Amino acid sequence: MEGGGSCGGSDGSGVASNYGGGGRERPNILVTGTPGTGKTTTCSLVADASHLHHIDIGKLVKAKHLYDGWDEEFECLIINEELVCDELEDMMEVGGNIVDYHGCDFFPENWFDRVVVLQTNITILHDRLTSRGYMGPKLTNNIDCEIFQVLHEEARSSYAEEVVLALPSNHIEDLSSNVRMLTEWVDNWRSAGS
Ligand code: DAT
């Protein structure tokens, strides 16, 4: 992966287990997955439909200089995870955020009520990444990341099983159904205390 399965979740639909903690009035969602799987596209549509605040960690890191340097091999910024978490803390406490990043093991577990892992067929992902100009180690590393389901494993080892949901993101129909399902989940979400 740059810098750094099947449906999880309690019922696979993502709609049943929508009671969260943390005292938030609105849920926080993390959308993760290998670069090119559709995180930004999905987050931006869900954010519009559900009135969530879309936080693109890559953009935030650049804008606020939350990095330690540049990785020459993978041609990406080396993010400072502690600075990123400090930057996000207050917003995450309030809730109503959809966070978009190709990593998930350094955020506090209790920040998220749902962790979505997008997954893309290797041939499709290869086409998306090459058309983005990826080549060499950056391309191979990202493809390997998807083949070995690195983000799904990372999510499963960092968050409770019922919070993690893997979703296919190959075709436009997947995009529509993922956005619809997540929007419905947000609409039905109630904090555990209410
Ligand atoms: P990411 O943020 O994970 O890097 P992206 O949202 O930028 O990915 O999407 C990469 C490209 O793939 C972009 O051209 C939009 C397209 N795309 C994303 N999800 C898709 C889907 N489910 N069906 C078809 N195209 C999709």
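This is a short tour of a predicted model, stop by stop.

**Stop 1: the main core**

Start by selecting Ile57, Val84, Leu88, Phe107, Phe112 and Tyr159. These residues have the most contacts inside the largest nonpolar core, which has 27 residues. Helices α2 (57-64), α3 (81-94) and α6 (150-158) each supply at least two of its residues. Strands β7 (114-119) and β8 (164-168) also supply at least two each. Which element gives the most to this core? It is α3, with four residues. As background, nonpolar side chains tend to be buried together in soluble globular proteins.

Stay here and centre on Val84. Leave aside residues up to four places away in sequence, and Val84 touches Ile57, Val61, Leu66, Ile79, Phe106 and Phe107.

**Stop 2: a separate core**

**Stop 3: α1 against α7**

Show helix α1, residues 39-50, and helix α7, residues 172-188. Their axes come within 9 Å and cross at roughly 40°.

From α1, pick Thr41, Thr42, Leu45, Val46, Ala49 and Ser50. From α7, pick Leu175, Val179, Leu182, Thr183 and Val186. These residues make the contact. Sorted by type, the contact of α1 with α7 has seven nonpolar residues, four polar and no charged.

**Stop 4: α4 against α5**

Move to helix α4, residues 122-131, and helix α5, residues 136-147. The axes come within 10 Å here, and they cross at roughly 155°. Over 145 degrees counts as roughly antiparallel, so α4 is roughly antiparallel to α5. The passage of α4 by α5 is a right-handed crossing.

Select the contact itself. On the α4 side are Ile122, Leu125, His126, Leu129 and Thr130. They meet Leu139, Asn142, Ile143, Glu146 and Ile147 of α5. Of the residues in this contact, six are nonpolar, three polar and one charged.

**Stop 5**

Most residues other than glycine have a negative phi. Two stops here go the other way.

Zoom to His65, in the loop between α2 and β4 (67-71). His65 is not a glycine, yet its phi is positive, about 55°. Is His65 buried or exposed? It is exposed, with a relative accessible area of 53%.

Then jump to Gln149, in the loop between α5 and α6. Gln149 has a positive phi too, near 50°, and is likewise a residue other than glycine. Its relative accessible area is 30%, so Gln149 is partly exposed.

**Stop 5: Cys76**

Finish at Cys76, in strand β5 (residues 76-79). Why does Cys76 count as buried? Its relative accessibility is 8%, and buried means under 20%.

Cys76 and Lys138 are 62 residues apart along the chain, and their C-alpha atoms are separated by 9.2 Å.

Conventions: Residues are numbered from 1 along each chain as its sequence is written. This is a predicted model: local features need pLDDT of at least 70, side-chain atom pairs count only at pLDDT 80 or more; totals for chains, interfaces and linings use all residues. Side-chain values use heavy atoms; hydrogens and water are left out. Axes are lines fitted to C-alpha atoms, for helices over the stretch in contact, and angles run from 0 to 180 degrees between N-to-C directions. Angles under 35 degrees count as roughly parallel, over 145 as roughly antiparallel, 65 to 115 as roughly perpendicular and the rest as oblique. A crossing is left-handed if the near helix is turned anticlockwise from the far one by less than a right angle, and right-handed if clockwise. Contact means heavy atoms within 4.5 Å. Ala, Val, Leu, Ile, Met, Phe, Trp, Tyr, Cys and Pro count as nonpolar, Asp, Glu, Lys and Arg as charged, and the others, Gly among them, as polar. A nonpolar core is a set of buried Ala, Val, Leu, Ile, Met, Phe, Trp, Tyr and Cys residues joined through side-chain atoms within 4.5 Å. Buried means under 20% relative accessible area, exposed over 50%, partly exposed in between (1.4 Å probe, protein chains only).
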